[in-house]
Amino acid sequence: MVHVKPGDLVRVVTKSGIILEGVVLPSTEFTSRGFIVLKLSNGYNIGVSLDDAKVDVLVENYLKLAPSEGPQGTTVIRGDGNMRIAFVSTGGTIVSKVEYETGAVKPALSAGDLIEFVPELKEIAAELVVSDFMRKLSENMTPKDWCEISGEVGKYLASGADGVIVAHGTDTMAYTAAALAFSLRGLGNPVIMVGAQRSSDRPSTDALYNLRACPLIIREAPFAEVVVAMHGSSDDQYVLVHRGVRVRKMHSSRRDAFQSINDLPLAKVYIQERKFKLVNRNYIPRSRNVDLVVMNRFSDKVSLIKFYPGMDCEIIDYLVDRGYRGIIVEGTGLGHIRDECIESVRRATELGVIVAMSTQTVFGRVDLNVYTTGRKLLKAGVVPLDDMLAEVAFVKLSWLLGNYPDEEPSEIASKLVTNLVNEIGGTQSFELFPRWYHGD
Amino acid sequence: MEIDYKGIGLKVGLEIHQQLDSRSKLFCGCPTKLAPEDSKYYEVVRYMWLTKSELGELDPAAAYEVSKGRKIVYRVPEGHACLVELDEEPPHDVNRESLVIALAIANALNAQPVDEVYFMRKIVVDGSNTSGFQRTAIIALGGYVEDEEGVVRIQTIALEEDAARKVDEGPGYVIYNLDRLGIPLIEISTAPDIVSPDQALRVAYKIGLIMRLSGRVKRGIGTIRQDLNISIAGGERIEIKGVDKLELIPKVVKYEVMRQLSLLKIRDELHKRGLRPEDVPETFVDVTDTLKDSKSRIVRASLEKGMRVYALPLPGFKGVLAVEVSPGRRFGTELSDYAKAWGGVGGIIHSDELPAYGISESEVLQIYNRLGLDGGRDAFILIISDFEKAERAFKAVIERLKYAFIGVPRETRGANPDGTTRYLRPQPGAARMYPETDIRPVRIDESILMEVRKIYIPKPEEILKILIEGHGLSHDLASQLIRDPLLHLYLDLVEELKGVTSPQIIASTLVATMKSLKREGVNVDKVDYEALREIFEAVGKGRIAKEAIPDVIKAIASGTSVDKALDSFKSLSVEEVEKIVDEVITSNIDTIRTRGPEKSVSLVMGKVMSLVRGRADGAIVNTIVRKKLAELSKQGGP
């Protein structure tokens, strides 16, 4: 059999006698063994079994298949405005593009593409720094990546940026947002995390809309917080600006997956009308008179576990024995785990491991005073997390343990429930719980 | 005009799209039925993002709208579209039933399935697909259709998703209903092997027949669509979209050939006159002053709205714009299409058609003078609009005029109901196809092929047997029917009126009655499917006699409503017939007596039948006449 490789132009006579000419494409996770994928001259791809087929290579390396490349560093673009803006790309759907010739996914949005996508950037910015910093899908992010992204963002803020845009995959974007919110101490300007649920090579991409909100936020926002800017509804109508420590991805695929939990979004941005509308008056104001301190160390010895009926209590023991220093538990309802596990919790806290309780109901506060189990947990040393999101508590505890390595567990626990960037202790007003569709 | 199609090198290719009758859509579990008109729906507003290179796929007017950021409103009817159609959820695995049906049809067309099916994304930017692309995959290759004028090869058979249904469109917006989006379509593309208009019809008919014989495709308006590619030697390959009636195909082919031949003649004429492309001026002139006192209603209404009259002088062009390119369409009409498409203006007015539209002879002269032209030799084109639209319209018209020196421009055209075509847009380059990375490829393995073999599609030859043995048609009638595209209509009607009306009545009406009425000059085209269905139903239920069918058709053809036509030929009751028979006997009693009642049956029958004029079944009349005459004979007479 002739050896064919991706990029070759071949002629195949199939076992049923059909003659095909096309370019061999790289195989994917789905390609069956003994099959090649051919791109025909009409643009269609088909899979061809090489069993009993006759293959001739017409032109070797007919199509150049470039190897995937790493991040390309920074580009500086001059604009017509007066602001200094940095755009830090870390990867994800928002910067993903499929090459139609090869089908390869390229996780990079070039500076040129960005300017074509978002004309407002050139209008508003005097200087735009585009940093092709990382090319990671967000499920692959680790606390070490939070540290690097925080350092990169801090670099631009320290050198006077009026705002920084961070493009990020959506799956763990809320975690990174929280990580930046805690690590950028003394923030004077907004940092905007932005993503997309539909990649930017689609005419229907939501990336464009979400991105176009960013320069408007940098120009108009009165707040200096780390925020997430994503679609507010399924329509291309407005982008919501969520506080980074109060936002959660609430749907696996919809454009409006990101929603503020136990809090009101900070603002709405109407793209067609180019209008910025503040909706939440409780925010940290912008200021020139603060000094940025980047505290970007994160402990990787914190775990986030979800309690389930009948959970093996040894899971807690295991984490303690493996040297974990903090455990955030997503308990049931007001913050419960089963009675039998309370002993393991007590052992953990006695050994200096911080065990803190959030709720898997997502909405609402934990309260360990109401039921016996709760009171027993309190007695065993559990820290109740009030209305803080479990993911945010996880990031905060990682950050505390990373940056205050010498402090006693009791001091860390006290910091954990002390409000820093509006992540804990809001007023739970009636309308903050969404109204679902009930068939009427 | 008699055309030697072989001599001019006619080549036609067909692209046939047919909706499949699967239970679910191609990439989700939604039903494949359109939503009822009164369905509750949500609306979602979107905009499409387009790179410049992809704008070429659009109608010029739509491209202009999209480049300005056209608002797209999607109606989401409850129960007929889900997050998949809304582009809010990735497509599910390909619907296996659809794939099996498509492969069964491919098999009946002698095509070979591909080993593994890969879906592609074909960029579509008018908003008719929420994602901005249509998902499409080649499922089979090869194949052919046999025909008396030669075998026609099939190049590809694809399985793809239907687009959303356009509900409304206006400046700056378009509204689509999502119920149709995602319904599976099979697309069959033939090679350009077709050499005559009649062959195009036969091949389209045969492919359509094979699909319907599968019993697994949708029937009715909008479920099948034919596109044609037509070229002649020295002309150009023209794409014609949206031929939705089979019978129109030969006309479309013929008219397109006429159009291309005429355009080539125009080219020769221009060269003969010694004209060159450079003689077409690049600029147009404001001639509003020459028409400011015009009595023309169009001119006056437009000027009142603040529009201006702009003119393009065309030295040496006299008569060229009046050349007929297809029935009822002149070269001027072709130019007008361009002005409409690119400029969004109402059209053009040209000197070869003037005086007309209330523009007087002396005004025409004034314009000639104003432009410094000679009325006996030159021509001009007027556009009445604002400057910006006129500029875009004239730019397109000037380019088109320059192309007249080369011949036939490469266009995508749309079919008109009369078989002529109009300009839609320039032909796009090869469509950009991206791999659909969200859908797993499907290996066509033995388990799928086993399901495919379970769908039995009779060969067109076998249909004769079905018609004779199953429907009880005579051999003669059945063989006439299978050669006729009316077979589709027949099968639809038989299916719908199963147990109500006998297939023989339907067949003989379609094959014999309709044709002879047409020869008599009756406009049978006015009698549509619905009307025919009602007529046959009325026959089946005894509301009218089958003898009344020709009269009912005539009445409907001349404008009577179906209901009224059926009423006026309502069957007579037995009592009514008896009364008429009695009257006829009474008024002819002397003759009957003379001949003897037994020998007067045909005399009485004739007179009665001419009186009931199709309102009674002849067999019933005959029984009554015989009965009455027998009574008379017994009585021995008054």
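Predicted model: local features only at pLDDT ≥ 70, side-chain atom pairs only at ≥ 80, totals over all residues.
Local features need pLDDT of at least 70, side-chain atom pairs count only at pLDDT 80 or more, and totals for chains, interfaces and linings use all residues. Residues are numbered from 1 along each chain as its sequence is written, chains are lettered from A and ligands numbered from 1 in the order in which they are written, and side-chain values use heavy atoms, with hydrogens and water left out.

Start with helix packing. Two packed helices are described by the angle between their axes and the distance between the axes. Axes are lines fitted to C-alpha atoms, for helices over the stretch in contact, and angles run from 0 to 180 degrees between N-to-C directions. Helices (H or I, at least four residues) and strands (E, at least two) are DSSP runs, numbered from the N terminus.

In chain A, take helix α3 (residues 143–158) and helix α4 (residues 173–183). Their axes lie 10 Å apart, at an angle of about 55 degrees. α3(A) and α4(A) are therefore oblique to each other (under 35 degrees counts as roughly parallel, over 145 as roughly antiparallel, 65 to 115 as roughly perpendicular, the rest as oblique). The crossing is right-handed, the near helix being turned clockwise from the far one by less than a right angle. From α3(A), A:Trp146, A:Ile149 and A:Ser150 make the contact; α4(A) supplies A:Tyr175, A:Thr176, A:Ala179, A:Leu180 and A:Ser183. Contact means heavy atoms within 4.5 Å. Five of these residues are nonpolar, three are polar and none is charged. Here Ala, Val, Leu, Ile, Met, Phe, Trp, Tyr, Cys and Pro count as nonpolar, Asp, Glu, Lys and Arg as charged, and the others, Gly among them, as polar.

Further along chain A, helix α7 (residues 342–350) meets helix α8 (residues 372–379). Their axes come within 9 Å and cross at roughly 20 degrees. The pair is therefore roughly parallel. This crossing, too, is right-handed. A:Ile342, A:Val345 and A:Arg346 of α7(A) touch A:Thr373, A:Lys376, A:Leu377 and A:Lys379 of α8(A). The contact has three nonpolar, one polar and three charged residues.

B:Ile505, B:Ile506, B:Thr509, B:Leu510 and B:Met514 face B:Leu532, B:Phe536 and B:Val539 in the contact. Seven are nonpolar, one is polar and none is charged.

Now the interface. 44 residues of chain A are in contact with 48 of chain B. The buried area is about 3,900 Å², and carbon and sulfur atoms give 56% of it. Buried area is the accessible area (1.4 Å probe) that two parts lose on being put together, summed over both.

Six salt bridges cross this interface (a side-chain nitrogen of Lys or Arg within 4 Å of a carboxyl oxygen of Asp or Glu). B:Glu88 pairs with A:Arg198, the closest N and O atoms being 3.7 Å apart. Over all chains there are 89 salt bridges. Within chain A, A:Arg11 bridges to A:Glu21 at 3.3 Å between the closest N and O atoms. A:Arg11 lies in strand β1 and A:Glu21 in strand β2, so the pair ties together parts ten residues apart in sequence.

Last, the backbone. Most residues other than glycine have a negative phi, and most peptide bonds are trans. A:Val362 has a positive phi of about 70 degrees; A:Val362 sits in the loop between β23 (354–359) and α8 of chain A. The bond from B:Leu354 to B:Pro355 is cis, with omega near 0 degrees. B:Pro355 lies in the loop between β19 (349–350) and α7 (361–370) of chain B.
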